[in-house]
Amino acid sequence: MKLLITRHDKIGDFITILPMLKVIKAQSNHYITVLVSKVNYELAQSIDMIDDVILYSKDTRTLVSQIKAKKFDVSISCFIDTHIGWALFLAQIKIRIAPATKFAQVFFNHRLKQSRSQSIKTEWQYNIDLVSLIDLDPRYDFDKPLLQPAHQHHATTNIRTIAFHSGSGGSTDGNLSVEDYVNLARSISRQENIKILFTFGPDDDDNKHIIEQGLDFDAEIIDSNHSLLAFCQLLSDIDLFVSTSTGPMHLAGGLNIHTLSFFGTSQFASPKRWATVSDASKQTNIEIPTHYSVDDYQIVEKSLANILKNRV
C-alpha cells in the first residue's frame, strides 16, 4: 500500500510523527511518503524509514499535482487545515485519515476523535493512534533513537558536553530568561570534565549577543548557520541538551540523548502533550511560569546538578 503521511508545520511537530512511521514499518511493508514543510525537507530525506518526500506548497495546483501523480491509496494527516484537506480531496485519495478536529475535518472521510487539547497523551502517541484506522496495532514501544545521523563520531572520553539553547522560535509558553541560561551554565562551569556549548537558531542573534556579553567562564558559541541535518550531527555528540520546548529539543529527543526541558504551565503547553520521543529516563521536564520566581529558577539549577550527578 502507498501511504502519504502529512505534517506540514514546524520542526518539533515533524519529529512527533516518527514513532508512527516506525510503528507502520514494523508491522507492514507499506511504502511511506511524507509531505513536509521546507524546514524539514532535507532531514526527512535522510531518514531510512521514509521512502519518499513531498515538499509542501501553498500553491494548491502545484500541491495537488504532486500528490495526485503518486497515486496514493491512503493519506494520514496528523495536523490539518483547510488547505491541506482541500488538496488531498482534490488529489482524489480514496482513504483520507485525520483527527476529528477543526472545520478542515470535512475534507477527510475517515476521522478519529482524539480531543488533543485535553493533553491526555503526548502528541506522538496521538499520532500513533491514527494507524488503527488502517488496521495496524497502535503500539507505543519502539526502538530508539529514531534519528541516526550518518556521521556520528562520539569519542570515548570522560568529558561531558552540555549544550544550552535559549531560543524558542516563538513556540513555547515557558522558558528561562537569556541571562538565566548564562547563570545556569555558570553553575556547572567549575565542575571537572564539563564542556559547555551555547547553540542558536537562525533568529537568535539577540540572544547570542547577550550570552557573549555575559560569559565569564569557558564556553563555546556555536553559530546558527547549520542545516537541520548538520545540527542533528552536532547534537549527536552532546550528553545533555538544555532548552525550552521547541524544535531543537525534539531533535535531541529524536536522537535519544538526555534533555532538561522547560514547558509552559498551561494544559496545552505541558510535557503531558509535548514531551519528546526519547526514553522517559532521559527526560527531565519542568514547567516554568511566565513570570517565574527565584525559587523557580533554583529548582531548575538543582535539577541540572542532579542530572549531572546521577544520570549523565
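Lys71 sits in the loop between helix 4 and strand 4. This is a predicted model, and in it Lys71 has a positive phi of about 55 degrees, although Lys71 is not a glycine. Most residues other than glycine have a negative phi, and most peptide bonds are trans. Is Lys71 buried or exposed? Its relative accessible area is 68%, so Lys71 counts as exposed. Asn193 also has a positive phi, of about 60 degrees, and is not a glycine. Asn193 lies in the loop between helix 7 and strand 8. With a relative accessible area of 36%, Asn193 is partly exposed.

Now look at the peptide bonds. Lys144 and Pro145 are joined by a cis peptide bond, with omega at about 5 degrees. Pro145 belongs to the loop between helix 6 (123-129) and strand 7. Elsewhere, the charged end of Lys2 sits over the ring of Phe72, 5.9 Å from the centre.

Next come the sheets. Strands of a sheet pair through backbone hydrogen bonds, either parallel or antiparallel.

Strand 1 (residues 2-7) pairs with strand 4 (residues 74-77) in the parallel sense, over four bridges. Leu3 has Val74 of strand 4 as its bridge partner. Thr6 has Ser77 as its bridge partner in strand 4. Strand 4 also pairs with strand 5, again in the parallel sense, over three bridges. There, Ser75 has Arg96 of strand 5 as its bridge partner.

In a regular strand the side chains alternate between the two faces of the sheet. In strand 4, Val74 and Ile76 lie on one side, with Ser75 and Ser77 on the other. These four residues are all buried, and both faces of the strand are covered.

What about the nonpolar cores? In soluble globular proteins, nonpolar side chains tend to be buried together. The largest nonpolar core here has 48 residues. Those with the most contacts inside this core include Ile5, Phe14, Val34 and Leu251. Take Phe14. Leaving aside neighbours within four places in sequence, Phe14 is in contact with Arg7, Val36, Asn40, Leu43, Ala44, Ile47 and Ile50. Apart from this core lies another, of 27 residues, among them Val242, Ile286, Tyr297 and Leu308.

A further open sheet of six strands has the order 9-8-7-10-11-12, with parallel pairing. Strand 9 (220-221) and strand 12 (283-287) stand at its edges. Each has a single partner strand, so one side of each is left without a neighbour in the sheet. Strand 7 and strand 8 pair in the parallel sense over six bridges. His165 stands opposite Thr199 in strand 8. Helix 12 packs on the sheet and touches strand 7, strand 8, strand 10, strand 11 and strand 12. Its direction makes about 165 degrees with that of strand 11.

Helix 7 (residues 178-186) has buried residues, including Val178, Tyr181 and Leu184. The buried residues of helix 7 pack against partners that include strand 7 (160-165), strand 8 (194-199) and helix 12 (294-310).

Finally, turn to the rings. The whole structure holds eight aromatic pairs. In one, Phe164 and Phe198 have ring centres 5.7 Å apart and planes at 35 degrees, so the pair is tilted. Phe164 lies in strand 7 and Phe198 in strand 8, so the pair ties together parts that are 34 residues apart in sequence. Phe164 counts as buried, at 0% relative accessibility. Phe198 counts as buried too, at 1%. Elsewhere, Trp86, Phe89, Phe103 and Phe107 form one aromatic cluster.

Methods
Residues numbered from 1 in each chain as written. Predicted model: local features only at pLDDT ≥ 70, side-chain atom pairs only at ≥ 80, totals over all residues. Heavy atoms only, no water. Pairing = 2+ DSSP bridges. Helix = DSSP H or I, 4+ residues; strand = E, 2+ residues; numbered from the N terminus. Buried < 20%, exposed > 50% of the residue type's maximum accessible area, 1.4 Å probe, protein only. Contact = heavy atoms within 4.5 Å. Phe/Tyr/Trp six-rings, centres within 6.5 Å; stacked < 30°, edge-to-face > 60°. Lys NZ or Arg CZ within 6 Å of the ring centre and 35° of its normal. Core = buried A, V, L, I, M, F, W, Y, C linked by side-chain atoms within 4.5 Å. Axes fitted to C-alpha atoms, helices over the stretch in contact; angles between N-to-C directions.
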